[in-house]
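Hi,

Here is the structure I promised to pass on to you.

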There are 4 protein chains.
Amino acid sequence: MASFGGHAIPGGFFLLFGLWLTVKYGLNHYWRRNKARGRPEAPPFFKKTNYIEGGLAGFASFVGIMVEQFVPSGPHAHLYDTEHNSWVKLMNWQHSTMYLFFGIYGIVLLVSTASRLVPVGVDRLALSVALFVEGFLFYYHVHSRPPLDAHIHTLLLVAVFSGSASNMLEVFMRDNIILELFGSCMFILQGTWFYQIGFVLYPLSGPEWDLSQHDNVMFVTMCFCWHLAVAMLLVACISSTVWWTLNRMSGRGGDVEIGMRKTSNNNSQKALLEASDEE
Amino acid sequence: MASFGGHAIPGGFFLLFGLWLTVKYGLNHYWRRNKARGRPEAPPFFKKTNYIEGGLAGFASFVGIMVEQFVPSGPHAHLYDTEHNSWVKLMNWQHSTMYLFFGIYGIVLLVSTASRLVPVGVDRLALSVALFVEGFLFYYHVHSRPPLDAHIHTLLLVAVFSGSASNMLEVFMRDNIILELFGSCMFILQGTWFYQIGFVLYPLSGPEWDLSQHDNVMFVTMCFCWHLAVAMLLVACISSTVWWTLNRMSGRGGDVEIGMRKTSNNNSQKALLEASDEE
Amino acid sequence: MASFGGHAIPGGFFLLFGLWLTVKYGLNHYWRRNKARGRPEAPPFFKKTNYIEGGLAGFASFVGIMVEQFVPSGPHAHLYDTEHNSWVKLMNWQHSTMYLFFGIYGIVLLVSTASRLVPVGVDRLALSVALFVEGFLFYYHVHSRPPLDAHIHTLLLVAVFSGSASNMLEVFMRDNIILELFGSCMFILQGTWFYQIGFVLYPLSGPEWDLSQHDNVMFVTMCFCWHLAVAMLLVACISSTVWWTLNRMSGRGGDVEIGMRKTSNNNSQKALLEASDEE
Amino acid sequence: MASFGGHAIPGGFFLLFGLWLTVKYGLNHYWRRNKARGRPEAPPFFKKTNYIEGGLAGFASFVGIMVEQFVPSGPHAHLYDTEHNSWVKLMNWQHSTMYLFFGIYGIVLLVSTASRLVPVGVDRLALSVALFVEGFLFYYHVHSRPPLDAHIHTLLLVAVFSGSASNMLEVFMRDNIILELFGSCMFILQGTWFYQIGFVLYPLSGPEWDLSQHDNVMFVTMCFCWHLAVAMLLVACISSTVWWTLNRMSGRGGDVEIGMRKTSNNNSQKALLEASDEE
């Protein structure tokens, strides 16, 4: 992962995931607000998107683990080298562990969508735990690095732990659109910040950054706030676009139900497109 | 900002904002308690004050950003000096970033007042984020300064983060007068404390403060508690004056509604006066 | 306060306050549980005890401030000595500040008992703030002392901040007997721990404690847990005694109301006795 | 406790307790979901299991304290050695203190099961306090040890304090199956992690671990996440097995009641078996 690409891939993944969640929660919210006029149960479209999301999360995590393990420089599933008495490629193992927990989220989402017996909210707990584990491993990752490197990763943790806390709260406060969009916002922030880390530590062009200069640390802190502003703007734009589109469709089609179904088709195609980009 | 004035301006701003919020929440609370006797919907007066508050917050932030950028010693919208390979006036950029988020609060308040589609509580989330960003930037601002300077800014963070937490809670617990007044109190505390920082670091008269003396640190800690006591007293006095005035007016006028409307006029004039002071 | 007595006086105060709160909350809880059989409004006895509690808290704080200021070695209301360019007896000023906030609690309790207009829960907020300020001032008090001295005061902060948090929660969750008794328990713990600090730092007899020995730090940590166990036992015994007594009295008298009134008399005498001990 | 066995015994205890809680909460949840079809009150089976759990917790704690005190190398109830002016075997005293609080939990569970007068949730508070005290004592236990030793105990604290927080939340949010199972999961994690600590610090075979190597610290952090994944898997499997078994039994027997009673017998035998293993 010590390259620009190594930061851009997870960054892109989190960015797309955040965008997708924004769209999904926007749809959910629209449906909840107009429920009185529609049917009482969630339309099958929501179940379908959850299956797709869960399946993709599980699949992407599996691919991620395989890649981390079996790239030429990877550990090839060896954990301890008895010859040299040392651990083999712990970095790759740590990344595999992070993927594992996002994979668990995928499976939990699948199971909790399929069965009514799974308590409501377990999927959010799994996502919260996945983010916590990511932050937890990063936290001990960062020690004894140059100041700027440590700082830029610490800022990442702000997004990761905020997202974890917000998802944990969602276990207890269901269907709160503000919490849901805040969680999505944190995923988008995490995604764009991964790109920023890539640009700073492995600049594609121009001079290297001085990793111990205090001014760079100050700039990076401020830059994080700009990313936050952009993420908030993105979430606001996307969710209002979703709302506005749904409203116009249901108005034109004369029926919320039909509007819902039309949107479903459009969006599931969009989700599939996004998902195929993600890999 | 390295002057008395540079601390007095934001201090005055926060102080007035806190006082205004106290009045506003006092009015809101009165109306909620007497709702049964009045009409069920919030009177248009509340909408109007929100428009004014949002507009002023947005406008003041815009002015603040412009001033920080285009004062003679400012960065004039230049971020990086490629000649000297250094960042240009990061301090001014940081202050602009802080203003930006208060500007976002203003816009969110405008939009959420105008449209019923915006989920209730988004304005408080925006205010909470604005305070969080302020505290966040200050936190990394303070490192490697003399003890008293660092300490006096750390105490400011207590007020800032308490205000942020209290506003975050308001997202989930609406119309809780205690939380609302606690948030106002933190703004007033922040305001008066900015003045205190100005007096300590840039004394208008008398000898300079010894920034490394332990006794000064101890005094300043205690002084912060006195500011808190004064802020609590102010909030208590203002909100009970508002309550008492409304009560007398509605009693004399024989009708809560009429009382409300009368107060509205008085208060919107007062709000305008305050707002014009703020700039 | 640098003496055994200086720790025993506040310790006794907090201990008695904790015991009193346990009795009060026990009575409250009994009344709430049997309300269906009794009258719907709180009996005047509760109002009376609140007046006494508030009045005593205010009065004791006033006396405390006067003593701290005007003992022979006190600052006699002088804050800054312009001759020597130094602060006068900051320790006494800090203690006065702590008393001030407990005095504010007393006044808030009086006002909120007297008027229905004060929002429910403000008294708990005032108590929470008083505890927070106490902990806050202690926190910056403790720096640069020998290890055992610093540690034993840090442990005090655990009780103080837990009490503050529990009282803060009570603002939002009213009439939760577990929270109420937990708060009382933290006051008792604080009280007994003040005595422990006195015994350790200013032993009445026997050898001085070695303030830098690690074993002493370990023992003191464990001892704090024993104090916690004793405080929990005390709260359990007192509240069940209160319950059992009330139950027997109301059973014998054949009427909850009469039982309540009888107890009131006994308890207000008891409260007065306790209060006179407190000073 | 400075041996493999000294870590395996508490580890086994916590592991079994976590597994038992998972089964118990699974049964509880099944009963709550099917209550409409059954009788309104909790079946006596739940009371019986609580008596057994409370009794065993109290008994095991008593045995634990006796063992810690009266093993040949123990303090034999002597706290201070006036001859050498030193504390006697503080380690054993600390462990006794931890046991004491789990014993208090046992007694509280017994009393709150026996009497309806004890407020609902006090048993969870007692468990939360017991975990807090455990973590609290460990926290000051860990200072000034080699890096790996300190780190591996710090990770234990993550499980301990998460469990404490989750049980504290249960005081206020009753019958939330996700919280309940999360708490059980933290007990299982704590249990397996005690074994891991034993394996690392006192390896049964193979070379000693280098306690200051950074790679070992990194591996151990990752390993903690694997333990978490296994604990989550265990909780998921056990609770779904419990559900599935109850469902099949009640289906076959044609009556939820009868199924409940049958399971009760099976499970109380199982609980007894587990309990006898625990000692």
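Below is what turned up when I went through it, starting with the salt bridges and ending with a phenylalanine.

Please keep in mind that this is a predicted model. Searching the whole structure, over all chains, gives 28 salt bridges. I picked out a few of them for you.

In chain C, the side chains of C:R32 and C:D175 form a salt bridge, with 3.3 Å from N to O. C:R32 belongs to helix α1 (residues 4–33), while C:D175 sits in the loop between α5 (147–172) and α6, so this contact ties together parts of chain C that are 143 residues apart in sequence. C:D175, at 45%, counts as partly exposed.

Chain D has a salt bridge between D:R32 and D:D175, at 3.3 Å from N to O. Here too the pair links distant parts of the chain, 143 residues apart: D:R32 is in helix α1 (residues 4–33) and D:D175 in the loop between α5 (147–172) and α6 (177–201). D:R32 is buried at 17% relative accessibility, and D:D175 is partly exposed at 44%.

D:R124 lies in helix α4 (residues 122–141) and D:E170 in helix α5, so the bridge ties together parts of chain D that are 46 residues apart in sequence. Both ends are buried: D:E170 has a relative accessible area of 2%, and D:R124 comes to 7%.

In chain A, salt bridges join up into a network, whose members are A:R32, A:D123, A:R124, A:E170, A:D175 and A:E180.

Now for the phenylalanine. C:F187 is part of helix α6 of chain C, which covers residues 177–201. Is C:F187 buried or exposed? Its relative accessibility is 3%, so C:F187 counts as buried. Leaving aside residues up to four places away in sequence, C:F187 touches C:F14, C:L15, C:F17, C:G18, C:L21, C:L127, C:L131 and C:N167. Between the C-alpha atoms of C:F187 and C:S166, which are 21 residues apart along the chain, the separation is 11 Å.

Happy to talk any of this through.

Best wishes

Technical notes:
Residues numbered from 1 in each chain as written. Chains lettered and ligands numbered in written order. Predicted model: local features only at pLDDT ≥ 70, side-chain atom pairs only at ≥ 80, totals over all residues. Heavy atoms only, no water. Helix = DSSP H or I, 4+ residues; strand = E, 2+ residues; numbered from the N terminus. Buried < 20%, exposed > 50% of the residue type's maximum accessible area, 1.4 Å probe, protein only. Contact = heavy atoms within 4.5 Å. Salt bridge = Lys/Arg side-chain N within 4 Å of Asp/Glu carboxyl O.
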